[in-house]
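Please examine the sequence and the three-dimensional model shown here before reading the report.

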Amino acid sequence: MSQNISRLVLNVTGYEAATGQMMVALYADAAAFDEEAAPLRDAQVRIDGPETQVVFEGLAAGQYAFKLYHDENGNGELDIGAFGIPTEDYYFSNDASDPFSAPEFEEAAFTLEAGEDIKMIDLN
């Protein structure tokens, strides 16, 4: 790999059903992340076992944050129940959370160094 090129690997486990798809949005700036604008990159990976791997190749080293959810029923949306609470598993980078809304970029941001960075994510 080139000196400033990175590969981000997300290994996701902890979901109850091995159905549907893992949906991931990767952001490189706070405005897009916080306003839920178009991500830098996104991925949809079919789930067919107890672990799902999502890979982003050719990223510049720098600061990023991601949002992911398990689209268990495959409808392409994060299903929401009563009081706006998601009914499907979701995760923000750095395990960032806010009890009343989505976390902000600063809470979820991480530095991606040149080379490969593997993140282990347990949705339990």
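## Basis of the report

The model is predicted; local features need pLDDT of at least 70, side-chain atom pairs count only at pLDDT 80 or more, and totals for chains, interfaces and linings use all residues. Residues are numbered from 1 along each chain as its sequence is written, and side-chain values use heavy atoms, with hydrogens and water left out.

## The open sheet

Helices (H or I, at least four residues) and strands (E, at least two) are DSSP runs, numbered from the N terminus. Two strands pair if DSSP finds at least two bridges between them. Three strands form an open sheet with mixed pairing, in the order β4-β1-β8. Because β4 and β8 stand at the edges, each with a single partner strand, one side of each is left without a neighbour in the sheet. On average, neighbouring strands of this sheet are turned by 15° against each other, direction ignored; the axes are lines fitted to C-alpha atoms, for helices over the stretch in contact, and angles run from 0 to 180 degrees between N-to-C directions.

Seven bridges join β1 (residues 5-13) to β4 (residues 52-60) in the antiparallel sense. Here L10 has V54 of β4 as its bridge partner, and V9 stands opposite V55 in β4. With β8 (residues 115-122), β1 pairs in the parallel sense over eight bridges; S6 stands opposite G115 in β8.

## The largest pocket

A pocket is an open set of points on a 1 Å grid over the protein atoms alone, where a 1.4 Å probe fits, with protein on both sides within 12 Å along at least five of seven lines; lining residues have an atom within 4 Å of a point. The largest pocket holds about 730 Å³ of space. It is lined by 29 residues, and K67, L78, Y90, F92 and A102 are the closest to its centre.

The lining comprises 20 nonpolar, four polar and five charged residues. Strand β2 (21-27) supplies the largest share, four residues.

## Residue L40

L40 lies in the loop between α1 (30-34) and β3. Not counting residues up to four places away in sequence, L40 touches L26, Y27, A28, L59 and Y64, where contact means heavy atoms within 4.5 Å.

## Aromatic pairs

The structure holds six aromatic pairs. Rings of Phe, Tyr and Trp (its six-membered ring) pair if their centres lie within 6.5 Å; planes under 30 degrees apart count as stacked, over 60 as edge-to-face and the rest as tilted. The ring centres of F33 and F92 are 6.5 Å apart and the planes are at 70°, so this pair is edge-to-face. The pair links distant parts of the chain, F33 in helix α1 and F92 in strand β6, 59 residues apart.

Note on methods:
Points joined across faces, edges and corners; volume = space filled by probe spheres on them. Nonpolar A, V, L, I, M, F, W, Y, C, P; charged D, E, K, R; others polar.
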